Amino acid sequence: MKALRRSALLLAVAATSLPHSSTSFAPPRIVLVTSRHTASPGGGSRGPSALSAGPPVISNWRYDSSRGTVSGTVANHPTIRDGDRITTSPVRNPDGIDENLVVQTKSGSRYKLSNVAIGSLVPAVEARRAKEKARKEEAARAEAAKKAKAQAAAAEKKAKAEAAAAKKAAAAAASEKSAPKAAAPKVVVPKSPFPKAAAKAPAPVTIQVPLAQLQKLAKSAFSLTGTTVGLDGKYLLAGRPQQSSGRAAKIWTAYIADPDNPGVPDGFADSQDASNVKPITVKLSPDIERLRLENTNYDKVQSGLFSGRFVRKVEYAVGVPSTDRALNGRVSLLAIESGKYDLKALLAARKGRPLMGRALRDAAASAGQCIQAVHSSGLVWTDLKTENFVVVKYDNFNREVEDANGSMGLPGVKGIDLESVVVRGGNPIDYSPEACPPEFAIAFMGGYGEDFVLGYSYDMWSLGMMMYELSTGKAYFDKKSPSAVTKLLCQKDFEVDVSEVPDEKLRDLIGKCLSVDPRKRPDITGFLLHPYFITTGIGPISF
């Protein structure tokens with residue numbers, strides 16, 4: 001019976017996982033499940049007999065600005081199986097790429113774009129932001145010119161008035177000089193023994209905006225949905241949710257509500273300045289046990305001997321109230337610090353240019369410290385990749401994109417998504433092909449992936465793959481489907497070629513992490529004490 005159960009193991013592509021902000025941000029992932037569905041002769045499960053109407057749908061997509069292409073998980077394609085990874089030819093109008101829109105490629109193909117991968121940038125949104133930024137800058141320049149003109153006119157008027165006053169004073173002085181002077185009685189004013197009281201500064205004027213108008217302004221500024229979750233409507237949901245890698249959960253951008261102004265983010269009422277308000281990420285899931293496990297994992301890794309560099313957990317609650325009847329009392333909540341974008345999105349915006357110098361070392365140190373916290377807690381992450389590291393600094397994206405040699409560093413990198421973390425010696429819940437080592441791929445293809453015993457060397461392989469991507473600007477298995485990656489890893493003569501890594505010391509470190517023999521991979525202490533970190537010439541680093 002066990003052999004029959006293993007033979008029914010399917011490859012099911014899971015959706016992505018936190019800034020704006022961040023959470024289980026992951027690309028399609030293989031979920032280890034068993035199924036009673038009948039398998040087709042071609043190896044996939046039998047789907048509907050006919051395609052649904054409309055163009056193919058791409059979900060969990062990312063736009064590659066360097067190539068002009070869109071990649072993601074496809075469904076409803078006439079020739080490609082649902083769940084497979086696809087990359088389109090260049091899109092005709094990149095600025096029109098957005099969720100729930102149909103795009104056309106230069107070759108004439110049409111695709112409907114579903115949800116964007118969390119942490120990825122949406123071209124249409126970025127174009128609107130750039131246009132709005134240009135409009136504001138132009139308005140600011142016009143206002144500055146108007147103000148300068150008014151100041152010049154005022155200065156000219158003041159100069160004329162002062163000249164007239166000086167002329168009048170000179171005439172009066174001449175008249176007084178020619179007239180006989182009368183002695184004026186001298187009046188002595190006694191000096192007060194008490195100190196003179198300082199003049200009171202005027203109290204600041206606060207403009208009171210009616211609540212209804214304030215709520216309207218907040219809805220527009222933050223894309224609020226009108227739905228709240230948590231006790232007393234604590235969290236205001238915004239934008240559209242993203243699917244987590246655990247399928248059942250939804251990941252939202254949210255804002256903590258102002259207790260004195262219902263429906264308004266805290267910190268917005270006084271100045272109506274959106275830049276004063278920071279979002280958080282809220283994961284809502286009907287799978288109580290899966291979210292409880294992730295919450296426990298956050299507690300373990302952040303309270304051990306090494307706390308790592310993970311996003312801060314804000315709150316965990318079960319059966320939370322909500323103004324949405326579909327959510328009210330039916331979901332658990334995990335609120336965490338929000339990231340602005342992930343490292344995958346940063347690399348895409350850099351158009352193939354890798355991270356270098358201090359920025360690369362900062363990202364590597366953050367990843368290493370997160371693994372140190374996980375392993376010191378007796379856990380294995382199993383899902384370490386660029387999508388699961390977000391940048392929590394909010395105003396440096398354009399500078400980080402243009403930072404060619406990495407001189408400004410990348411200090412705000414933090415880890416997210418701990419829902420697949422497993423106790424060392426346990427079995428995997430799911431896995432990402434691009435992050436799994438050869439020994440697991442062989443077990444998976446052999447039908448016993450669900451019984452694979454996890455060790456720390458699993459994460460060291462994943463860390464090596466992530467460092468290769470950051471240091472070369474592209475993933476090692478770039479553009480290959482999950483099934484193709486798994487098959488490559490299973491080849492007997494498979495070896496990783498790290499010759500494209502520019503830095504000699506980092507090339508040596510990555511090569512050790514990507515050893516096909518798990519016994520030859522360094523542990524996390526060996527990783528952090530490698531000469532790449534100690535003798536880079538950038539300066540000392542503290543772990």
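Q: How do α6 and α9 sit relative to each other, in terms of axis distance and crossing angle?
A: In this predicted model, the axes of helix α6 (residues 357–376) and helix α9 (residues 456–472) come within 11 Å and cross at roughly 170 degrees. Angles over 145 degrees count as roughly antiparallel, and α6 and α9 are therefore roughly antiparallel to each other.

Q: Is that crossing left-handed or right-handed?
A: The crossing of α6 and α9 is right-handed.

Q: Which residues meet there?
A: From α6, the residues are L360, A363, A364, A367, I371 and H375. They meet Y456, D459, M460, L463, M466, M467, L470 and S471 of α9.

Q: And by class, what is that contact made of?
A: The contact of α6 with α9 has eleven nonpolar residues, two polar ones and one charged one.

Q: Staying with α9, how does it cross α11?
A: The axes of α9 and helix α11 (residues 504–513) come within 8 Å, crossing at roughly 145 degrees. Here α9 passes α11 in a left-handed crossing.

Q: Which α9 residues turn up in both contacts?
A: M460, M467 and S471 meet α6 residues, and M460, M467 and S471 also meet α11 residues.

Q: Next, α8 and α10: what is the angle between them?
A: Helix α8 (residues 438–445) and helix α10 (residues 482–490) pack at about 110 degrees, and their axes are 8 Å apart. That angle makes α8 roughly perpendicular to α10.

Q: What meets what in that pair?
A: P438, A441, I442, F444 and M445 in α8 meet T486, K487, L489 and C490 in α10. By class, the contact of α8 with α10 has seven nonpolar residues, one polar and one charged.

Q: Changing topic, what volume does the largest cavity have?
A: The volume of the largest cavity is about 40 Å³.

Q: Which residues line it?
A: The lining of the largest cavity consists of L346, R350, L355, A359, E400, D403, G406, G409 and L410.

Definitions and conventions
Residues are numbered from 1 along each chain as its sequence is written. This is a predicted model: local features need pLDDT of at least 70, side-chain atom pairs count only at pLDDT 80 or more; totals for chains, interfaces and linings use all residues. Side-chain values use heavy atoms; hydrogens and water are left out. Axes are lines fitted to C-alpha atoms, for helices over the stretch in contact, and angles run from 0 to 180 degrees between N-to-C directions. Helices (H or I, at least four residues) and strands (E, at least two) are DSSP runs, numbered from the N terminus. Angles under 35 degrees count as roughly parallel, over 145 as roughly antiparallel, 65 to 115 as roughly perpendicular and the rest as oblique. A crossing is left-handed if the near helix is turned anticlockwise from the far one by less than a right angle, and right-handed if clockwise. Contact means heavy atoms within 4.5 Å. Ala, Val, Leu, Ile, Met, Phe, Trp, Tyr, Cys and Pro count as nonpolar, Asp, Glu, Lys and Arg as charged, and the others, Gly among them, as polar. On a 1 Å grid over the protein atoms alone, a cavity is a set of points where a 1.4 Å probe fits but cannot get out, and a pocket is an open set with protein on both sides within 12 Å along at least five of seven lines; lining residues have an atom within 4 Å of a point. Grid points are joined across faces, edges and corners, and a volume is the space filled by probe spheres set on the points.
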